[in-house]
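Open the model in a viewer and keep the sequence panel beside it. The stops below say what to select and what is found there.

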Amino acid sequence: MKGLRHRLLAALVQIGPTGILGALSTLLLIAMLGGIIAILFLQGFPALSINFIFGRSSLEPSEGGIFNALVGTALLTLLMTAAALPLGVATGIYFAEYAKPQSKLTKILRVAIESLAGIPSVVYGLFGLGFFVLFVGKSLDALLSEPPLVVWAKPGILWSSLTLAVLTLPVVIVSTEEAIRRVSQELRQAAYALGATRLQVLLWVVLPGARAGIGTGAVLAIGRAAGEVAPILFTGAANHVAELPRHPTDMHMHLAYHVYALATQSADVESAKKLIFATSLVLVTITMLLTGIGSLLRAKNKQPENHGKAI
Amino acid sequence: MEKPFKIQVESLSVRYGARIALDSVSLDIPERSITALIGPSGCGKSTFLRSINRMNELIENCRVEGQVRLDGIDIYHPQVDPIEIRKRVGMVFQRSTCFATSIFENVVFGLRLRGERSRDVLEAACEEALRKTALWDEVKDRLRAPAQGLSGGQQQRLCIARALAVRPEVLLLDEPTSALDPIATSRIEEVIRELASECTIVWVTHSMQQAKRMSDQVAFFHMGKLVEAGKTQEIFESPKHELTLNYLRGVFG
């Protein structure tokens, strides 16, 4: 007994105060993650059922299933990806390949992107309301109908996904740029030496080499955006929509928003409680799957490369 | 009979910003021969090599003065497209630069750049280039396998095959064997010796032995200047310049 204590003490002295602090904070982090998952699982899992997942939404949040929210989340994420990915990748390519690093414009753009990443997500929601719904939407209505009807100038899945896309953009841009910069100069030179034009080098050597890195960044960004509520709060999400969205102007339900609705709008607090955890469990599973895929891709990317390898 | 000159370089100066990398160098390179460029690190031999296919232009702040004539035509003339020059003048680098695709796709990369689509043409060119680099028998059963699976020496020969597949008139070699073991090196030397019958070869090397046994003529660079150039035997046996003598004796470099 005494020997054991002695050895433990010796080990602690050996790793030192920094090591002890590091070990403690690591333990704390793991405990927090484990705690969150354990609570979600214990409270939420019993409420999971086919009826819950595939059941249509009901006006009373604690009755009915989450199918509308599930489909809404999926559609929102898909639309958001379709908007953010091409624009983000194109901007990343511009920064890595074409922008002059010393020019004023490049510097200003860079500061803008970095600041964009630091803005609270609810501000994106307000921006989406002001810009997409009220400005773009109203302009569209004025253009498309005479006298103006309110078709586009109200929250809908197109506006919420575009707002979410703006939130995701900085991450996609930065990860694209980094992935492109990681493609070795020597490979580019080899392609130039074979008579490739600048565009051919980009399309045939640089982008294939950066593909995995770009994909990783995109998946991580999408995973994060899939769980965001604030940007869609004023731009397209609703407590209860009986129909699944069929048109870009339709409002939609969302898992994270549904959690909020269950917690605040439900008449039956007790039965809502189980559903809150069950819905959260589904949401966390989806985002963790996405993040997990992203992390796996990233780990695969960072494997030590032998020389001459493009990725 | 003297061979005609394939490349004629006349008072070539290259500057990177304020630094003078190459100072008024003139050198004639005969057709279908091996010319070795030697000299201590930073002497300008790589810069000279990269002037022949206009690769220097990819470096910012690089300024080139003077003339480099390929078959009598100045390749720095404003109407000459550097892309066209690089299609005629191939290059192999110090470290192998295989693309992250299959062996086959690596070899035919240059042909695809030129828009060649015919399967038969590509396959024939691939086989020919791989045979010339003595790789065919080693890889013919796994042309679709990733090029990164090859050994260092094989990868370097693959890079040579890739350069050869487009039938260049000139092949520039920037220390292609410096990262390889003696056996892989001697295989590449055999390959290059064969190639000299169809192609003009300009070879930057740090190995005096390699320059001596492989080249027809040698050019010795020092501090951005061409100190002397001539037939390999003459340079090695009776260098005219003291700097050359010292370098060959290993006094510096």
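**Chain B as a whole**

Select chain B: of its 253 residues, 55% are buried (buried is under 20% relative accessible area, exposed over 50%, partly exposed in between, with a 1.4 Å probe and protein chains only). This is a predicted model, in which local features need pLDDT of at least 70 and side-chain atom pairs count only at pLDDT 80 or more, while totals for chains, interfaces and linings use all residues. Residues are numbered from 1 along each chain as its sequence is written, chains are lettered from A and ligands numbered from 1 in the order in which they are written, and side-chain values use heavy atoms, with hydrogens and water left out.

Colour chain B by secondary structure to find 11 helices and 10 strands (DSSP runs numbered from the N terminus: helices are H or I of at least four residues, strands E of at least two). Along the principal axes, the C-alpha atoms of chain B fill a box of roughly 55 × 45 × 40 Å. The radius of gyration of chain B is 18 Å, which agrees with the value near 18 Å for a compact globule of 253 residues (taken over C-alpha atoms; the globule rule is 2.2 Å times the number of residues to the power 0.38). Of the contacts in chain B between residues at least 6 apart in sequence, 67% join residues at least 24 apart (contact means heavy atoms within 4.5 Å).

**Two loop residues in chain B**

Select B:Asn61, in the loop between α1 (45–52) and β4 (62–70) of chain B. Its phi is near 65°, a positive value in a residue other than glycine. B:Asn61 is exposed, at 58% relative accessible area.

Next take B:Glu175, in the loop between β7 (170–174) and α8 (182–195) of chain B. Here too phi is positive in a residue other than glycine, near 50°. Is B:Glu175 buried or exposed? B:Glu175 counts as buried, with 10% relative accessibility.

**The interface**

Show both chains and select the contact residues: 19 from chain A and 24 from chain B. The area buried between chain A and chain B is about 2,000 Å², and carbon and sulfur atoms give 66% of this (buried area is the accessible area, with a 1.4 Å probe, that two parts lose on being put together, summed over both). In chain A, the residues that lose the most area to chain B are A:Ala193, A:Leu194 and A:Trp204, together 32% of what that side buries.

Zoom in on A:Glu186 and B:Arg95, whose side chains meet in a salt bridge at 3.3 Å, N to O (a side-chain nitrogen of Lys or Arg within 4 Å of a carboxyl oxygen of Asp or Glu). The rule finds one salt bridge across this interface. On the side of chain A that touches chain B, α7 (185–193) and α8 (198–226) each supply at least two residues. The most come from α7(A), with seven residues.

**Inside chain A**

Select A:Glu146 and A:Pro147, which are joined by a cis peptide bond with omega about -5°. A:Pro147 is in the loop between α5 (121–144) and α6 (157–182) of chain A.

End at A:Thr279, in helix α11 (residues 269–301) of chain A. A:Thr279 counts as buried, at 0% relative accessibility. Leaving aside residues up to four places away in sequence, A:Thr279 touches A:Phe52, A:Ile66, A:Leu255, A:His258, A:Val259 and A:Leu262.
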